[in-house]
Every structure is written in C-alpha cells, then in structure tokens.
Amino acid sequence: MRKFLTAALCLAATVTTAGCGASVESSDDAKSSLVSLTNCGRKATYDKIPERVVTNDVGITELMFALGLEDRMAGFAMPDDKGDLNGVPWKDGYDKVKWLSKDQLTKENVLDARADLVFAGWNYGFRDDSGFTPEALKKLGIPSYILTESCRNGRTKTSRGLMPPLDALYTDLTNLGKLFGVEKRAATLIADFKKQIADVRAKAPKGAERPKVFLYDSGQDQPFTSGRFAAPEQIISEAGGVNVMHDIADSWTTVGWESVVERDPDVIVICDYGDVSAEQKKKFLLSYAPLRNVSAIKHRRIFVLDYVDLVESPRNPAAIARLGAYLRSTAE
C-alpha cells in the first residue's frame with residue numbers, strides 16, 4: 001500500500017547501534033526452552049526459536065530487520081507501491097529476504113515458504129473475510145504473533161488498540177527480543193528510541209501553544225484517520241501537537257468531515273501511500289469547500305509523512321523528529 005522515504009540520519013545511527021543484519025545473539029544468551037509472551041492480552045507460548053518467519057507489511061518487516069533478524073526470515077509480503085528500496089534504512093534486509101507476495105500473505109504462500117511463524121496484524125495481513133487468521137494458521141500447525149498496534153480491543157468487532165502506540169512498539173520489540181534471544185539488542189534499540197523522542201519532546205511547544213493536528217490518510221466522502229491507539233497519536237503528541245481525534249478509542253478509523261471542521265486543526269498531516277499521491281491529497285484538501293475555514297487550510301499548513309512512518313515501525317522516532325521540527329517552525 002505504501003511507499004518509502006529515505007532514512008533519517010538519526011535513525012540510521014540507531015540501526016547501526018542495534019546491529020542491523022547481525023546474527024542472533026550467542027546460544028549462551030538465547031533460550032532453547034519454551035518462551036511465553038503476552039500478545040494482545042493473551043498468553044502465547046512458543047516451543048522453539050523460529051527460523052522461518054514470514055511477515056506482512058512494511059512496518060512489521062522492518063521490526064524484524066531492526067533487530068537484525070533477517071536470517072530468521074523466510075520471506076515477506078508487501079505491495080509493490082512502496083517506492084525505491086535503495087534508500088531505506090534496512091536495505092540489506094530487503095536484499096537478503098525473499099519477497100513472497102506483492103499483495104498480502106495467504107495460506108498458500110505461507111505453506112510454500114515452510115513458515116514456522118507468521119508475524120502480521122489485524123488489517124496488516126490477518127483478516128476474517130479470507131480466513132487468514134491466527135486461528136486458521138494454528139490449525140495448520142503454524143504459530144503466529146500479532147502486531148500489538150493492531151490488537152482488537154473488544155469495543156466493536158473491528159476496533160483495535162490496547163495501549164499507547166509507542167508502548168505497543170516497545171512491547172513488540174521486547175517480546176521479539178525474548179522470543180529470538182536478542183533481549184540486549186531490543187533493549188538497546190528501545191533506549192535509543194526513547195532518547196530520540198525525549199530530545200524532541202524537550203523542544204516541543206507546551207500548553208496552549210501546542211497546535212491541533214489532524215491526520216489525513218485517505219477518503220473524500222469520509223476521511224480515514226487515526227484515533228488514539230494508532231501510531232500517529234503519539235507521533236503527533238511527542239512532536240508537540242494534539243491529535244484532534246484523540247477521543248476515538250480505536251486505531252485507524254473513518255470519521256465525518258463535520259468533526260474535522262468542528263475541531264478546526266491548525267495542521268494537517270498527510271499519510272503518503274498508494275495510488276493517490278500526497279500532492280493529489282493536498283490539492284483535494286485545499287479545494288474541498290467544507291474545509292475552507294479550517295485553520296490548517298487557510299494557512300496551508302500541511303505536512304507529509306510516509307505510511308511506514310505512521311504505522312507501528314522502527315521509523316516512528318525519526319518521524320516524530322521531522323514532525324516536531326515542522327510544528328516548531330509553524331509556531332515561529
């Protein structure tokens with residue numbers, strides 16, 4: 001669905017620290033016995049370190065790469081509108097791991113890859129309509145791990161998100177570190193991310209100076225946006241803004257334009273991906289009559305981030321830094 005941006009230097013430094021492309025930590029550190037984790041509020045037990053992991057979507061795939069686990073992967077699925085992969089932070093990982101599908105994972109390509117773990121998420125590969133679910137995979141003898149950002153929360157059949165988005169990122173890195181015996185590497189990565197974000201937070205606007213921000217993913221009749229459980233919530237807040245859809249107890253969801261007008265955002269962030277370019281989305285927003293009196297439109301305060309920046313991924317801290325710089329510039 002989405003295209004890549006060139007890596008930010010600060011994130012590239014983090015990748016180096018985390019040991020991108022390195023082998024799993026020594027067997028003395030890695031546990032060969034049962035590993036029990038809490039995934040989406042449920043206990044999940046794995047009887048061995050996976051050796052043929054299959055992932056779905058860019059953010060999930062790059063979580064594996066950031067931990068240096070490409071040698072534990074059998075492949076990934078990802079649409080081919082991601083842009084040029086030459087400039088991405090984990091090019092070595094993409095070069096080494098097989099691209100199984102330019103759509104989504106299916107039972108067939110998982111079986112063909114002889115996967116011993118599927119790492120995906122609800123609406124990031126797992127879906128009820130096609131029967132590609134953790135339960136269906138379990139019947140095939142294939143364990144799974146669900147992206148924490150995508151965990152269903154029970155409010156409706158499709159509502160997602162159990163915790164603040166960055167906590168979800170740290171939870172998955174911690175769990176993956178434990179599962180693959182790379183706890184030290186995961187802890188280092190998390191510490192580096194927290195420091196990057198703290199540095200941005202220290203310079204961010206405070207109190208009433210914090211701009212109101214609306215995340216625009218797509219949609220003309222109704223906009224698709226982020227509630228408080230998707231990554232944009234904390235990307236916006238840590239950068240110094242306020243997500244105008246914070247009150248929505250969901251991750252990615254549809255709202256009405258009237259709610260956007262009523263909340264009058266100072267800045268609109270466009271999620272760049274797919275067949276409709278960021279420039280086309282910007283032209284639509286600027287020309288859409290109901291938005292003409294919205295502050296962000298009147299002052300043309302529109303900022304673009306890539307899809308992979310805005311879903312749970314190891315690129316979140318760099319996205320916070322870039323958005324933080326933009327929000328500070330609008331306050332000057």
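Q: What makes C40 and C151 a disulfide?
A: A disulfide is a pair of cysteine sulfur atoms within 2.5 Å, and here the S to S distance is 1.9 Å, so C40 and C151 are joined. By this rule the count comes to 1 disulfide. This is a predicted model, where local features need pLDDT of at least 70 and side-chain atom pairs count only at pLDDT 80 or more, while totals for chains, interfaces and linings use all residues. Residues are numbered from 1 along each chain as its sequence is written, and side-chain values use heavy atoms, leaving out hydrogens and water.

Q: Which parts does the pair of C40 and C151 tie together?
A: C40 sits in the loop between β1 (35-39) and β2 (42-46), and C151 in the loop between β8 (144-146) and α6 (165-180), so the link ties together parts 111 residues apart in sequence. Helices (H or I, at least four residues) and strands (E, at least two) are DSSP runs, numbered from the N terminus.

Q: Why is C151 called buried?
A: Buried means under 20% relative accessible area, exposed over 50%, and partly exposed in between (1.4 Å probe, protein chains only). C151 has 0%, so C151 is buried. C271, also at 0% relative accessibility, counts as buried too.

Q: Why is α7 called roughly parallel to α13?
A: Angles under 35 degrees count as roughly parallel, over 145 as roughly antiparallel, 65 to 115 as roughly perpendicular and the rest as oblique. Helices α7 (residues 183-203) and α13 (residues 316-331) pack at about 10°, with axes 9 Å apart. That angle makes α7 roughly parallel to α13. Axes are lines fitted to C-alpha atoms, for helices over the stretch in contact, and angles run from 0 to 180 degrees between N-to-C directions.
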